[in-house]
Amino acid sequence: MAAPSTKSTTVALAAPVDPASAQPQGVKRSAKQAFEEDPETPPLVKMNATSYAPQRHINDHYDIVGFISSGTYGRVYKAISKRNASSQQPVKHPSTGRSIEAFAIKKFKPDKEGELQYTGISQSAIREMALCTELSHPALIHLVEIILESKCIFMVFEYAEHDLLQIIHHHSLLNRTPIPASTLRSCMYQLLSGLLYLHQNWVIHRDLKPANIMVTSSGAIKIGDLGLARLFFKPLHALFSGDKVVVTIWYRAPELLLGSRHYTPAIDLWAVGCIFAELLSLRPIFKGEEAKQDSKKAVPFQRNQMGKIAEVLGLPTKKDWPLLTAMPEYANLGSVGLHSVGVQRPMGLEKWYRNTITNNNYGSSNAPPDSALDLLKQLLQYDPLKRLSAEQALKHPYFLGEDGSQKPPSWNCFEGLETKYPARKVSTEAHEIGTGSLPVTKRSGLPDDGLLRPSGALGIGTGLGKRVRD
Ligand SMILES: Nc1ncnc2c1ncn2[C@@H]1O[C@H](COP(=O)(O)OP(=O)(O)OP(=O)(O)O)[C@@H](O)[C@H]1O
């Protein structure tokens, strides 16, 4: 695939906002009102009606149903098509041909003014728009359109009713009933298919975690949130350049924790291994605590996270990972297990797996086959060169069928299930969703982020919309 590029987009100027129309304090606004009245969503003034295609205005084409969540870079709303919009054709999904009834509109916050270079569009928004415009696969969330308004960008996606985090949470609330083996296998198969497509197109996702894996009501897995994704074909800079970190800490590969500068798509496969383990056990397998950057912005060694991994897998050795000693943080590895019995006497992945199967009430008839353990071991290989690629993982015996029939898993992860998962929470209040404790993706300081902003400037770390778990 050629390097993704943004398609041309019509730009219009916005009228100044009338402060008199601002909402009085203490009055609750609905999500719809908040969306419309936000000063970042001003009414449009056309610059030159004859030179440009008619400007699409988000409010002319979509009715906001409610507020879903606040992410790092903006807010996400649920919407439906405006039935009476004259130009509105039913939106069809390119892979399934089915009409899309509901949408998730991601409204990007504008970049901060007053910085050295001001473009009004964040690097993450550009990256996500560029990649989503070019990429199309049944296991990737489909971008329907981009609407650009003054200092505000709206990405309109197909709506997914669930995500893996929500499904894990639902099972952990139901007396730890396990996720059915067939659902698990289908989820993993679809996820790896989407990831193979990304990697074949030279894209590393760099932020795979259960919350970013969407699931539609018909059981299709959709990889979402490409805001951190990057092309890895002949990168202009090393993907990692000293003071920059990627991937939410619990899913971060050991080569990243050890400071590798030239990481590869294998970092996504480590995250897939962690997601697989979490689907089995209903809690994160390596739930470490992130050491924060110091005032000089130096990235600290993530000792605690490395320790959590070592408690299960043991510390990596040169025998397992020949290039281990070349890792920038290698010298720090010795300090990981100093005071930890868990690290000195690691459990081993096999024991972790057997305990999980027992504790999560998998019986002999509904437990995943032993090939699941083998796949997990091969995804959680310390050495990125030994870790399975997405292509190899899809050919693993786990997906080939126990009876050797080579029947691929279903593309509907809910096939044959009686469980009905609760619908995604959509709030009609503007900011109803409370604070939470999920670790957020580190975005400030990405290798190629020219327009860095201090964390917190755009609400990073406010916890708005982050769901509480565990
Ligand atoms: N297509 C979609 N359908 C339904 N909900 C969605 C969709 N896309 C995103 N969401 C919801 O909005 C949340 C935030 O979206 P997204 O992860 O894309 O934003 P973000 O700013 O990158 O967030 P984060 O920093 O948490 O990764 C998701 O966790 C999910 O709950």
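Predicted model: local features only at pLDDT ≥ 70, side-chain atom pairs only at ≥ 80, totals over all residues.
Leaving aside neighbours within four places in sequence, which residues is His162 in contact with? The legends below start there.

View 1. Residues are numbered from 1 along each chain as its sequence is written, and side-chain values use heavy atoms, with hydrogens and water left out. Beyond its neighbours within four places in sequence, His162 touches Ile167, Met214, Val215, Thr216, Ser217, Phe414, Tyr421, Pro422, Ala423 and Arg424; contact here means heavy atoms within 4.5 Å. His162 sits in strand β8 (residues 162-163). Strands (E, at least two residues) and helices (H or I, at least four) are DSSP runs, numbered from the N terminus. With a relative accessible area of 4%, His162 counts as buried, the cut-off being under 20% relative accessible area (1.4 Å probe, protein chains only). From the C-alpha atom of His162 to that of Ile141, 21 residues away along the chain, the separation is 12 Å.

**View 2. The five-stranded sheet, seen as a whole.** Read across, this open sheet goes β3-β4-β5-β7-β6, and its pairing is antiparallel. Two strands pair if DSSP finds at least two bridges between them. β3 (62-70) and β6 are the edge strands, each pairing on one side only. On average, and ignoring direction, neighbouring strands are turned by 25° against each other. Axes here are lines fitted to C-alpha atoms, for helices over the stretch in contact, and angles run from 0 to 180 degrees between N-to-C directions.

**View 3. From β3 across to β5.** β3 and β4 (residues 74-81) run antiparallel and are joined by seven bridges, with Ser70 opposite Arg75 in β4. Next along, β4 and β5 are also antiparallel, again with seven bridges; here Ile80 faces Ala102 in β5. How much of β5 is buried? Seven of its seven residues are, so the strand is largely enclosed by the rest of the structure. In a regular strand the side chains alternate between the two faces of the sheet. Both faces of β5 are covered, with Ala102, Ala104, Lys106 and Phe108 buried on one side and Phe103, Ile105 and Lys107 buried on the other.

View 4. β5 pairs with β7 in the antiparallel sense over six bridges, and the bridge partner of Ile105 in β7 is Val156. β7 (residues 152-158) then pairs with β6, antiparallel and over six bridges; Ile147 stands opposite Phe154 in β7. β6 (residues 143-149) has five of its seven residues buried, so it too is largely enclosed by the rest of the structure. Helix α3 (residues 123-134) lies across β5 (102-108), β6 and β7, and runs at about 35° to β7.

**View 5. Helix α7 against helix α12.** The axes of α7 (residues 266-281) and α12 (residues 371-379) come within 8 Å and cross at roughly 145°. On the α7 side, Leu269, Trp270, Val272, Gly273, Phe276, Ala277 and Leu280 make the contact, and on the α12 side Ala372, Leu375, Leu376 and Leu379 do. By type, the contact residues come to ten nonpolar, one polar and no charged, where Ala, Val, Leu, Ile, Met, Phe, Trp, Tyr, Cys and Pro count as nonpolar, Asp, Glu, Lys and Arg as charged, and the others, Gly among them, as polar. Within α12, the buried residues are Ser371, Ala372, Leu373, Leu375, Leu376 and Leu379. Their cover includes α5 (181-200), α7, α11 (349-359) and α13 (390-394).

**View 6. Cysteines without a partner.** Searching the whole structure turns up zero disulfides, a disulfide being a pair of cysteine sulfur atoms within 2.5 Å. For Cys132, the nearest cysteine sulfur belongs to Cys152, 17 Å away. Cys187 is in no disulfide either: the nearest cysteine sulfur, that of Cys413, is 4.0 Å away. Cys132 is buried, with a relative accessible area of 7%, and Cys187 is buried at 4%.

**View 7. The chain overall.** The secondary structure comes to 13 helices and twelve strands. Of the 470 residues in the protein chain, 52% are buried.

Key. Buried < 20%, exposed > 50% of the residue type's maximum accessible area, 1.4 Å probe, protein only.
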